[in-house]
Amino acid sequence: MAGIFDTFTLGGLFLACAALGGGLFLVRILLQLLGADGVHDLSPEIDAGETDASFQFLSLQGIASFLMMFGLVGLAMDRSGGLPGAVSVLAATAAGFASVWIVGRIYIAMRGLQSSGNVDIESAVGAEGTIYLTVPANGRGKIQLVVSGRLREYDAISQAGVELPTGRRVRVAAAVEGNVLSVVAL
């Protein structure tokens, strides 16, 4: 019974996997370079900080890297000659899983570089700053101070209920509401 399985070789399987994985990899890179929206992982939205690399296998990058490395290493082992097919398959499988693990670690590291850019106003409590716009006795003015390594401007009220003129050094006593700080003169 002649058929497709008669022409099947292990080298052909490795070549097909390398071509498919490499093709997926190149398409994904090109789409990212072109800024294509909607190019997302096949995996559900999962916070990488709470997962391990095993979930990365379900991503497009994980599948592409597994197939590409499985194919390339398997093809190299198969063509080196003298090795049984089982050894080539085991080495290719190990290389595929190793590449998925590396891709997972890269994504976890990259997600760790993200930040929201938000400043917690509570971190301003205790900081010293300068009155930017006069704070009336029973009203709001503006204060400039360094919070999280950046010069920020916030609305301010006088905790003691006294007027604080422009240029006066103050210390933040409390965060009141929203972006309003309660300050005391130094």
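**View A. Glu-177, at 49% relative accessibility, counts as partly exposed.** In this predicted model, local features need pLDDT of at least 70 and side-chain atom pairs count only at pLDDT 80 or more, while totals for chains, interfaces and linings use all residues. Residues are numbered from 1 along each chain as its sequence is written, and side-chain values use heavy atoms, with hydrogens and water left out. Partly exposed lies between buried (under 20% relative accessible area) and exposed (over 50%), with a 1.4 Å probe and protein chains only. Arg-140 and Glu-177 form a salt bridge, with their closest N and O atoms 3.3 Å apart. Arg-140 sits in the loop between strand 1 and strand 2 (141–147), and Glu-177 in the loop between strand 4 and strand 5 (180–185), so the pair ties together parts that are 37 residues apart in sequence. A salt bridge here is a side-chain nitrogen of Lys or Arg within 4 Å of a carboxyl oxygen of Asp or Glu.

**View B. Glu-128 forms a salt bridge with Arg-171.** Their closest N and O atoms are 2.7 Å apart. Because Glu-128 lies in strand 1 and Arg-171 in strand 4, the pair ties together parts that are 43 residues apart in sequence. Arg-171 is partly exposed, at 33% relative accessibility, and Glu-128 is partly exposed too, with a relative accessible area of 36%.

**View C. Arg-169 also forms a salt bridge with Glu-128.** Here the closest N and O atoms are 3.4 Å apart. This pair links distant parts of the chain: Arg-169 is in strand 4 (residues 169–175) and Glu-128 in strand 1 (residues 128–133), 41 residues apart. Arg-169 counts as partly exposed at 40% relative accessibility. Through shared partners, salt bridges join Glu-128, Arg-169 and Arg-171 into one network. The structure holds four salt bridges.

**View D. Helix 1 (residues 10–33) and helix 2 (residues 60–80) have axes that come within 7 Å and cross at roughly 145°.** The axes are lines fitted to C-alpha atoms over the stretch in contact, with angles from 0 to 180 degrees between N-to-C directions. By class, the contact between these helices has 16 nonpolar, seven polar and two charged residues. Contact means heavy atoms within 4.5 Å. Nonpolar covers Ala, Val, Leu, Ile, Met, Phe, Trp, Tyr, Cys and Pro, charged covers Asp, Glu, Lys and Arg, and the others, Gly among them, are polar.

**View E. Helix 2 has 21 residues and reaches 30 Å from its first C-alpha to its last.** That span is close to the 30 Å expected at 1.5 Å a residue, taking 1.5 Å times one less than the number of residues. Among the buried residues of helix 2 are Phe-66, Leu-67, Met-68 and Phe-70. What covers the buried residues of helix 2 includes helix 1 and helix 3 (85–112). Just after helix 2, Gly-81 takes a positive phi of about 80°.

**View F. Stepping back, the chain has three helices and five strands.** Helices (H or I, at least four residues) and strands (E, at least two) are DSSP runs, numbered from the N terminus. Along the sequence, the pattern reads α-α-α-β-β-β-β-β. Of the 186 residues of the chain, 29% count as buried.
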